[in-house]
Amino acid sequence: MNFEYFYSLILLGLAGFIALAMGIKKDNKKIEALFTFIILIIAFILILFKSSGYNIYFLDFTDFNTYWALIFIVSAMVIILPSMHDIKDKHDVFYALLLFTVLSMVIAAYTFNLIVLFVSFEGVSIITYILSAYNRTKRNLEGSLKYFVISTIGTSFNILGISLFYFSTRTFNLLAVTKLYSSHGLLLALVFIIIGFGFKIAIFPMHQWAIDTYDGSPNSVSGFLSTGSKLVAYMILLKFLYLGFVPDYNYVFYFFAILSILTMTYGNIAALSQDNVKRILAYSSISQAGYMILVFAMIGYSYYNVALVSRTTFLRFSIAIAMFYSLTYIFMKAGPFIAMSLVRKDKIMIDDFTGLSRKSKWTAFSLAVMLLSLAGIPITGGFLAKYFLFFTLIIGNLWWLAVIAILNSVISVFYYFRIILYSFWKPGDNDFDLSPEIKYSVIIMALITIALGFAFTLYTYLIGIAII
Amino acid sequence: MNIVYVMLLSIILFTIGLYGIITSKVGMRMIISLEILINAALLNVIGISSLYYSTDLIVFALFIIAIGVIETAVGIAIFTVVYKKYGKINISLLGEIKW
Amino acid sequence: MILLEFLIAFLIVTIISFFTGKYAKYFSLISVFVLTVVFLIYSFSVFGSYTGGIISESNIVLSSFTANNISVRINFSLGLTGFTDALVLMALIVTIFALLIGEKSNDDTFFGLLTSVGFGLVGLFMVRNFLFFYIFWEVVLVPMFFVIGKYGSYNKDKISIKFFIYTHVGSLFLLLSIFTLSTYYFLKTGLFTFQISDLMNLAFQESLPKFALYFSFFGFLLAFLIKLPTFPLHEWLPNAHYTAPYSGSILLSGGLLSMGGYGLLGILYPVAGLFPLALVYFLIALGLISVVYFAFTSMFQKNLKRMIAYSSAGEMAFVTIAFGTSLLSTGYVRTFDLAGGMYQTIAHAFVTSLAFSSLYFIYKRTHTIQVYGLGGLYRETPVASSFFLAALLASLGLPTLAGFIGEFSVTIASYQSLGLLTLLIIFGLIVTAAYFIWAAQRSLFGFYNEALGKLKDLNKAEFLILFLMLVSSIFIGIYPTLIFRILTLYASHLGGLI
């Protein structure tokens with residue numbers, strides 16, 4: 001057994017307990033946050049500089065999995081600085097829980113075994129119930145409660161789905177799926193699994209909790225919920241649909257093409273009439289989920305073999321874009337949620353942002369960059385992600401889906417630009433909380449978003465590692 | 001024993017659980033409904049495991065039991081805080097978050 | 001590599017100009033001026049011996065990947081043609097004009113935004129890769145959105161978003177067209193690339209299936225015709241002009257409209273030989289309708305700024321006509337036609353910037369630009385009025401001024417293919433002349449509107465600005481060879497491609 005592959009996992013687990021112990025007597029959040037951050041960086045480095053291609057029991061250390069593990073660590077890293085400001089209660093449990101979440105996520109990233117995927121996914125869910133209620137205000141509690149109830153329903157759907165999947169394929173190991181025993185069972189499994197994980201990704205009919213929970217949770221936790229915990233479900237579904245559903249099984253395409261169109265359109269249209277900024281962001285995260293699950297539709301579509309390029313090339317491109325989109329999504333989505341802490345209110349309406357550019361030009365600019373990135377405007381990561389997403393759709397001969405996605409992206413410009421418009425030139429003045437934690441994390445996120453707009457090399461690298 | 005009966009029972013229980021969640025207003029009833037939901041799914045797992053004589057599914061069932069317990073514990077913890085805040089755990093009290 | 005260094009220098013200037021506080025105007029002006037001089041020297045040295053085609057490409061492979069018979073290559077490549085050389089020069093000079101007008105003189109964000117528009121334009125004209133072409137295409141929009149929205153006047157929120165969305169729709173279809181071409185290029189050669197020279201290649205596009213070919217034409221044409229703008233797609237323009245500050249208007253008409261002209265003549269033309277005949281006639285019809293339609297609509301404008309906006313759209317319609325008719329004509333006429341269209345794209349920027357600037361100085365004094373609110377201005381401010389009159393005359397294509405060369409050559413050249421339909425263009429020109437003279441008569445001559453009170457004429461600095469613009473406009477009007485030579489060379493190269 002090659003222990004060096006487990007260093008990062010062991011480190012994260014131990015550090016969780018240490019973080020828990022650190023805050024028992026006094027609440028010195030600076031040290032705890034710094035400790036957590038350093039641990040995450042060390043874990044990141046340990047994972048990054050390790051040759052892949054080792055597997056033991058249910059863990060597979062491949063390039064593909066390593067990339068996802070890194071993504072999850074980054075998604076936790078970005079909320080540490082703002083959480084020092086957001087979280088009013090004692091911080092000890094918060095950082096410990098964050099580390100445990102990251103541990104769960106990393107394990108989920110490294111495995112193709114459904115039991116492990118399920119358990120680690122539940123680990124993330126259960127911990128995030130607590131995180132979203134961390135400040136114990138009425139809004140927190142309500143959001144957390146809705147999240148808890150809906151997520152538990154999702155869990156039971158997952159259990160049904162996974163058991164039916166076993167019923168049809170007789171294995172829990174996704175890499176070992178070769179033969180189909182019951183086609184109807186597999187269809188039911190697909191439906192249940194879409195419902196179960198779809199609750200977490202917040203795709204169209206299963207989205208309503210997300211709006212309330214993102215609105216109610218502390219801002220940095222909302223950022224984490226809409227990026228990290230969503231991406232776990234996304235990655236699990238990606239592995240599931242890519243490997244689990246044996247070829248010539250093409251319900252996947254129908255389901256996801258319809259779901260993604262509905263999700264994009266619903267998210268965009270509902271966001272248009274919103275005045276509450278956190279809810280706008282929540283709806284926008286639904287519509288982004290619509291773009292992201294286009295990848296699943298593409299995976300299903302690849303079985304038809306009617307793409308313009310060969311099947312493996314098409315799959316390579318679609319999975320690469322899923323991976324690239326996820327990384328940019330972390331920065332462009334968590335950033336605006338973090339920027340909500342600039343307003344000294346729980347319920348943040350759009351006119352609370354008037355006068356931001358007069359108070360702090362660069363914060364307003366950074367917020368604008370991330371919103372532009374969500375809308376897919378160039379020199380941002382979101383643009384490159386959308387660029388290659390539409391590119392992949394065209395490669396796959398899916399012109400109609402590309403046109404629908406593009407029209408949706410046009411609609412989305414309206415509400416993103418409304419926030420920009422309020423923060424830059426609507427008359428009015430507000431008192432903003434420009435504490436350095438928030439300000440600098442927003443600016444850093446914006447800079448990374450811009451940097452990702454030039455990450456062509458990353459994309460071509462991902463095409464190389466996309467096939468599992 | 002025919003697997004269909006087990007699955008049927010599990011689906012019936014599942015529906016009952018869903019119905020309970022949709023209709024109940026009191027926190028404890030919701031948690032009980034959620035337990036019914038998870039255990040209905042668990043029943044399905046065990047039924048399939050007895051069909052295939054598979055240890056994989058037994059392991060899965062054990063994990064589900066553990067997770068169900070943890071979910072319930074966390075749920076009760078959240079409801080306790082809600083109770084401290086509101087004095088009741090009735091769902092109709094909530095409604096802070098609306099557009 | 002000089003182009004790359006030039007672009008990087010411009011980028012640095014753009015970034016710094018956001019941080020310059022109250023010296024923003026001077027900093028951005030001086031640095032853009034220096035850049036212009038550098039570019040002028042460069043183009044004299046390189047284009048002195050120009051013979052047509054693309055020159056001085058610097059091609060950097062940013063990222064490439066090859067494995068199991070896929071290869072992806074993303075290049076950043078720069079190059080200039082005779083047309084783009086003139087366009088870059090035009091973009092730089094128009095940026096200087098906009099900065100000179102610069103109304104919000106102590107706001108560094110404003111000058112930063114104007115400089116970024118200039119940077120986006122220069123990058124767009126230089127770049128020879130569709131990925132970066134698209135990036136620059138959109139990069140121009142964002143600062144322009146801010147200029148209109150943040151510093152605009154009437155109903156700016158709605159109009160700025162409308163401006164952005166309208167042009168963004170076109171851009172996104174452009175994107176799909178690029179992808180279509182790239183995908184089929186991969187099918188043919190096994191290489192994913194976005195190089196313009198590879199994708200906009202007649203031999204390659206001939207091999208495309210009909211659907212993909214027409215789909216890509218549709219996307220390109222939609223994007224370019226919205227930017228130009230042509231008749232049914234012009235809705236964003238007059239409002240954007242109306243709301244935008246004057247320096248924004250200069251960049252809007254001088255910069256953004258010429259993007260459409262560049263797209264048609266510089267990007268799409270090499271493959272335009274594949275256009276079905278019906279599409280060519282449709283484009284010509286659109287151009288002719290635009291000339292007449294914009295002439296009439298600007299006739300009915302009560303607001304001078306809107307009037308100039310419509311007339312500038314009418315001038316750009318000559319580009320569409322040149323594009324269409326040159327496909328039908330042959331030999332030297334085609335070259336002449338194309339060069340005329342290109343010249344019109346460039347001259348238009350000079351003419352409209354003169355018009356908007358002189359209008360700005362009038363507005364600064366009278367605080368109104370309604371035709372009925374003005375009247376007899378010549379009595380109070382003879383110098384400013386003269387400049388405005390000169391601008392109007394230049395727009396209607398008076399010989400010796402910039403507007404003449406382009407309109408004249410397009411009109412003459414299109415006779416070969418259009419025949420008597422050319423009369424429509426002449427008719428449009430006559431209407432334009434009529435309303436310009438009418439507007440001048442109403443606002444500059446006649447009885448003075450005493451409600452405006454006593455007005456001061458231009459001071460020295462303002463006079464100098466307008467004088468500079470007028471001189472540049474006259475210069476390219478009476479000495480067109482300077483630009484026309486490289487345009488003709490490039491046009492004959494293009495004409496030979498089809």
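Predicted model: local features only at pLDDT ≥ 70, side-chain atom pairs only at ≥ 80, totals over all residues.
Local features here need pLDDT of at least 70 and side-chain atom pairs count only at pLDDT 80 or more, while totals for chains, interfaces and linings use all residues. Residues are numbered from 1 along each chain as its sequence is written, and chains are lettered from A and ligands numbered from 1 in the order in which they are written.

**View 1. Chain A holds 20 helices and two strands.** Its radius of gyration, taken over C-alpha atoms, is 21 Å, close to the 23 Å that the globule rule gives for 468 residues, so chain A is as compact as a globular protein of that length. That rule is 2.2 Å times the number of residues to the power 0.38. Helices (H or I, at least four residues) and strands (E, at least two) are DSSP runs, numbered from the N terminus. The C-alpha atoms fill a box of roughly 65 × 50 × 40 Å along the principal axes. Buried residues, those with 20 or more other C-beta atoms within 10 Å of their own, C-beta atoms being placed from the backbone, make up 66% of chain A.

**View 2. Chain A meets chain B through 34 residues of chain A and 32 of chain B.** Residues are in contact if their C-beta atoms, placed from the backbone, lie within 7 Å. On the chain A side, α6 (114–132), α7 (138–169) and α9 (208–216) each give two or more residues, and α7(A) gives the most, with 18. By class, this side has 16 nonpolar, nine polar and nine charged residues; Ala, Val, Leu, Ile, Met, Phe, Trp, Tyr, Cys and Pro count as nonpolar, Asp, Glu, Lys and Arg as charged, and the others, Gly among them, as polar.

**View 3. Chain C touches chain A with 29 residues, against 27 from chain A.** The elements of chain C that give two or more residues are β1, β2, α5 (130–139), α6 (141–151) and α7 (156–189). The largest share, 14 residues, comes from α7(C). This side of chain C divides into 20 nonpolar, six polar and three charged residues.

**View 4. Strands β1, β2 and β3 of chain C pair up, β1 with β2 and β2 with β3.** Pairing calls for at least two DSSP bridges between the strands. Strands β1(C) (55–67) and β2(C) (70–80) are antiparallel over ten bridges, with C:Val61 opposite C:Asn75. Two bridges join β2(C) to β3(C) (191–192) in parallel, where C:Val72 stands opposite C:Phe192.

Notes: Buried ≥ 20, exposed ≤ 12 C-beta atoms within 10 Å, placed from the backbone. Contact = placed C-beta atoms within 7 Å.
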